[in-house]
Amino acid sequence: MNDHELAARLATRAGDLLLDVRADFADAPAQDRKAAGDKQSHDFLMAELARQRPGDAVLSEEGVDDPARLDAERVWIVDPLDGTREFSELGREDWAVHVALWQAGELVAGAVALPAQNMTLSTPEVAGPLPLEGPPRVVVSRTRPPAIALAVRDALDGTLVEMGSAGAKVAAVIRGHADVYVHAGGQYEWDSAAPVAVARAAGMHTSRIDGSPLRYNARDPRLPDLIVCRPELAEQVLAVTRS
């Protein structure tokens, strides 16, 4: 099994496990559901990566960061449950599992599972959206839309689409349900590595908000800002975010 296939399989299987957790904890407090989902998905991914890629390092949101990854040739960057709030709210579909592989300075494989939507988007090939029709749609958090995203919406004379997890937002751009995702205000590598890998495979523009490249497997895993958008909108978006 190659790395692309493994990323897709692990993200999908972790997503299936999370659906089971959600059902098992349906009557439990939301906090217990979140905790069980985070732990069980993380434990599964760590065990499978140790079994199937024993020589690789792993950076996981739910794990202890091992500085040995900085000298590793290959590092898996995973978010076992992206969008814990949405996962905890029964019936919501905007949460995800992220599995990405960084090798020699670049993201080389990735998968974003959307378990409640019965879908996994993965490299090496993923279809991009149909041609843009109508005003651009800027996807934002339903609880805390950043000011920079609102500025982009205004500059593009666009509309807002509210959604939960970062993976779900990037997937919406890839699938043509939104056109721009701009974030500033705090994220980590695991929030964006897999979504960015898949977005690049779909031909999307990806960068920091100043237009510089997104770098992964850094000593400090904080990666606080991000743009993922249709390539034809990139310059207009960057004209706002660089200012």
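Visitor: How far apart do the C-alpha centres of domain 1 and domain 2 lie?
Guide: The C-alpha centres of the two domains lie 20 Å apart, with domain 1 spanning 1–120 and domain 2 spanning 135–240, bounds that come from an automatic or database domain assignment. This is a predicted model, in which local features need pLDDT of at least 70 and side-chain atom pairs count only at pLDDT 80 or more, while totals for chains, interfaces and linings use all residues. Residues are numbered from 1 along each chain as its sequence is written, and side-chain values use heavy atoms, with hydrogens and water left out.

Visitor: OK, and how many residues are in contact between domain 1 and domain 2?
Guide: On the side of domain 1 there are 32 residues in contact with 27 residues of domain 2, where contact means heavy atoms within 4.5 Å. The area buried between the two domains is about 2,200 Å², and carbon and sulfur atoms give 58% of it; buried area here is the accessible area (1.4 Å probe) that two parts lose on being put together, summed over both.

Visitor: Which elements supply the side of domain 1 that touches domain 2?
Guide: At least two residues each come from strand S1 (57–60), strand S2 (74–82), helix H3 (84–88), strand S3 (96–103) and strand S4 (106–114), and S4 gives the most, with seven residues. Helices (H or I, at least four residues) and strands (E, at least two) are DSSP runs, numbered from the N terminus. By type, the residues on this side of domain 1 divide into 16 nonpolar, five polar and eleven charged.

Visitor: Switching to the whole structure, how many salt bridges does a search find?
Guide: A search of the whole structure finds 14 salt bridges, and among them is the one in which the side chains of Asp3 and Arg74 meet at 2.9 Å, N to O. That pair links distant parts of the chain, with Asp3 in helix H1 (residues 3–24) and Arg74 in strand S2, 71 residues apart.

Visitor: Are Asp3 and Arg74 buried or exposed?
Guide: Asp3 is buried, with a relative accessible area of 18%, and Arg74 is buried as well, at 17%; buried means under 20% relative accessible area, exposed over 50%, and partly exposed in between (1.4 Å probe, protein chains only). Asp3 and Arg74 also belong to a network of salt bridges that links them with Arg53 and Asp56.

Visitor: What about Lys39 and Asp43, where do they lie?
Guide: Both lie in helix H2 (residues 30–52), four residues apart, about one turn of the helix, and their side chains meet in a salt bridge of 2.6 Å, N to O. Lys39 is exposed at 51% relative accessible area, whereas Asp43 is partly exposed at 35%.

Visitor: Which residues does His42 touch?
Guide: Not counting residues up to four places away in sequence, His42 touches Ser60, Glu62, Gly63 and Pro80, and a polar contact of 2.9 Å joins the side chains of His42 and Ser60. His42 is in helix H2 and is buried, with a relative accessible area of 12%.

Visitor: Last topic, backbone: where is Pro124 found, and which peptide bond there is cis?
Guide: Pro124 is found in the loop between strand S5 (119–122) and strand S6 (137–141), and the peptide bond from Thr123 to Pro124 is cis, with omega near 10°. Most residues other than glycine have a negative phi, and most peptide bonds are trans.

Visitor: Which phi does Ala104 have, and which does Asn118 have?
Guide: Ala104, in the loop between S3 and S4, has a positive phi of about 50° although it is not a glycine, and Ala104 is exposed at 53% relative accessible area. Asn118, in the loop between S4 and S5, has a positive phi of about 55° and counts as exposed at 76% relative accessibility.

Methods: Nonpolar A, V, L, I, M, F, W, Y, C, P; charged D, E, K, R; others polar. Salt bridge = Lys/Arg side-chain N within 4 Å of Asp/Glu carboxyl O. Polar contact = N/O pair within 3.5 Å; in protein donor to acceptor, adjacent residues only side chain to side chain.
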